[in-house]
Each structure stands twice: as structure tokens, then as C-alpha cells.
Amino acid sequence: VVISGLASIASDLLAAGGVQTRDLTLADRDGAPRDLRITVTPRQVGQGQVDGAIWIGQDLTHHRLANEALRLSERRLSLATEAAGLGVWDWDLAPNTMVYSEQAKSICGFPAGQPVSYEMVRGITHPDDYPRTSAMAQRAIDPVLREKIPYEYRIIRTDGAVRWVLAHGEAIFEDSPDGPVATRYVGTIQDITDRVLAAERRQFLINELNHRVKNTLAT
């Protein structure tokens, strides 16, 4: 790539003395911006004598473009999950640490902007549902089963409210001398309380209707 102005920049760096490195953005011959890292090293021919320089130019444009694409992708994912009412969680199994999105924290009643621990997640899981959710997680991280079945369970938020949530999770495996090992368990969480209560009301009405029909027929 032909970059204008490199000679004068190299001269300025050389005049500063010693090995100099500078990150800068310049235009190539087509006018497109290029991100460069210029390193200039004086070439000495004697004690204190410099007759030139060795300079190395690294094109970092692809790093910037990759970072911009990653940020755009993350923003799109964030907008999609927020619109769908989904929270995202990531459980790093070896250190037993959790990362929850702000939407996931809101669903669970965790303080915004604060880290989430495994103990906090276990603490809000309804005690009657914890054995089942724990078993589902173990089946998901089992290298033989690798189960991906979604599951519903209750949580008791920090404000005391009992909510129904739906979790989708998938384990990430890495190879080891002993075979595949689950390193992370990632997924989404969604508040489905309204859906569950609506289903319960419908079932109640159906049961009540069946009961009245039976009484009517008996009469």
C-alpha cells in the first residue's frame, strides 16, 4: 500500500532519537484511511554516528475493521435480545464465575452494573426447582449427552417476587488428554410468568367448564 507522508514521519521519529513507535492514520493512494504502526530504529555506523534508519510499518487497518464489525454484531445481538425480552448468561465452569447481561440481571432482580456470582444464581433458584435445574445443567455439560433441552423453573427475586423463567443453554467443549471437557455453559433466560399464569387460568376455566357440564348432564 502506498502511503503519502511516510518519509517525513520517519524523519521526525528519527530526530527524536532512539527507537520510536507511533500509531497513526493516513490515507493510501486511493484516499482510504489506513491505520499504521510505524517503528523507526536509527542505524549507527560508529560511536554516536547515525547514517540512516530502519523503519517497520505495520498495517493495523484489519484490526480496526474487525473490532468495528464485532461491536456492530454485539450491538445487533443486544438489540435483538432486548426486543425479545431475553437475558444472556455465560457460566465459566473452571473458575465457577458468571457473566450476566443487564437484561438478565433485571429479570433476576440483581443490581444493575454489579457482578453476578454462582452463589447469587443458586440463591434465587426456587428450592423445589433447584434439583431439576442442577440436573439439567449437568446433563448439558456431560460430553456424552450434551443436552440442549430448554427448561422452565421458578426464581425468587431479591425483592421477594416469585417469577417463572425459561432457560436455553448450551455447553462449549474443548479437547483435553482425557477427551472433550465442558469449559463454559452459555444461554438465555426469559421471564415467562405471564404466560404460565395465563395457562393456569385457562386450565382452571376448562376444569370449571367440565365440572359444570358434568353437573348439567347429570341433572
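Biologist: How much space lies in the largest cavity?

Modeller: The largest cavity holds about 40 Å³ of space. A cavity here is a set of points on a 1 Å grid over the protein atoms alone where a 1.4 Å probe fits but cannot get out. Grid points are joined across faces, edges and corners, and a volume is the space filled by probe spheres set on the points.

Biologist: What kind of model is this, and how are residues numbered?

Modeller: This is a predicted model, in which local features need pLDDT of at least 70 and side-chain atom pairs count only at pLDDT 80 or more, while totals for chains, interfaces and linings use all residues. Residues are numbered from 1 along each chain as its sequence is written, and side-chain values use heavy atoms, with hydrogens and water left out.

Biologist: Back to the cavity: which residues line it?

Modeller: Its lining is formed by Met136, Ala140, Glu147, Lys148, Ile149, Tyr151, Gly169 and Tyr185; lining residues have an atom within 4 Å of a point. Five of the lining residues are nonpolar, one is polar and two are charged. In this scheme Ala, Val, Leu, Ile, Met, Phe, Trp, Tyr, Cys and Pro are nonpolar, Asp, Glu, Lys and Arg are charged, and the others, Gly among them, are polar.

Biologist: And the largest pocket, what is its volume?

Modeller: The volume of the largest pocket is about 320 Å³. A pocket is an open set of points with protein on both sides within 12 Å along at least five of seven lines. Of the 18 residues that line the largest pocket, Trp91, Val121, Thr133, Ala137 and Tyr151 lie nearest its centre.

Biologist: Which element gives the most to that lining?

Modeller: Helix α5 does, with five residues. Helices (H or I, at least four residues) and strands (E, at least two) are DSSP runs, numbered from the N terminus. By class, the lining of the largest pocket has 13 nonpolar, four polar and one charged residues.

Biologist: Which residues of α5 are buried?

Modeller: They are Tyr130, Thr133, Met136, Ala137, Ala140 and Ile141. They cover an arc of only 125° around the axis, so they are on the same side of α5; the arc is that of the directions from the helix axis to the C-beta atoms. Buried means under 20% relative accessible area, exposed means over 50%, and partly exposed lies in between (1.4 Å probe, protein chains only).

Biologist: What about the second largest pocket, how much space lies there?

Modeller: About 180 Å³ lies in the second largest pocket. Its largest lining share, five residues, comes from α2.

Biologist: A change of topic: where does arginine 157 lie?

Modeller: Arginine 157 is in the loop between β7 and β8 and counts as partly exposed at 22% relative accessibility. Beyond its neighbours within four places in sequence, arginine 157 is in contact (heavy atoms within 4.5 Å) with Ser106, Ile107, Cys108, Gly109 and Arg163.

Biologist: And asparagine 96, what is its phi?

Modeller: Phi of asparagine 96 is near 60°, a positive value in a residue other than glycine. Asparagine 96 sits in the loop between β4 and β5.
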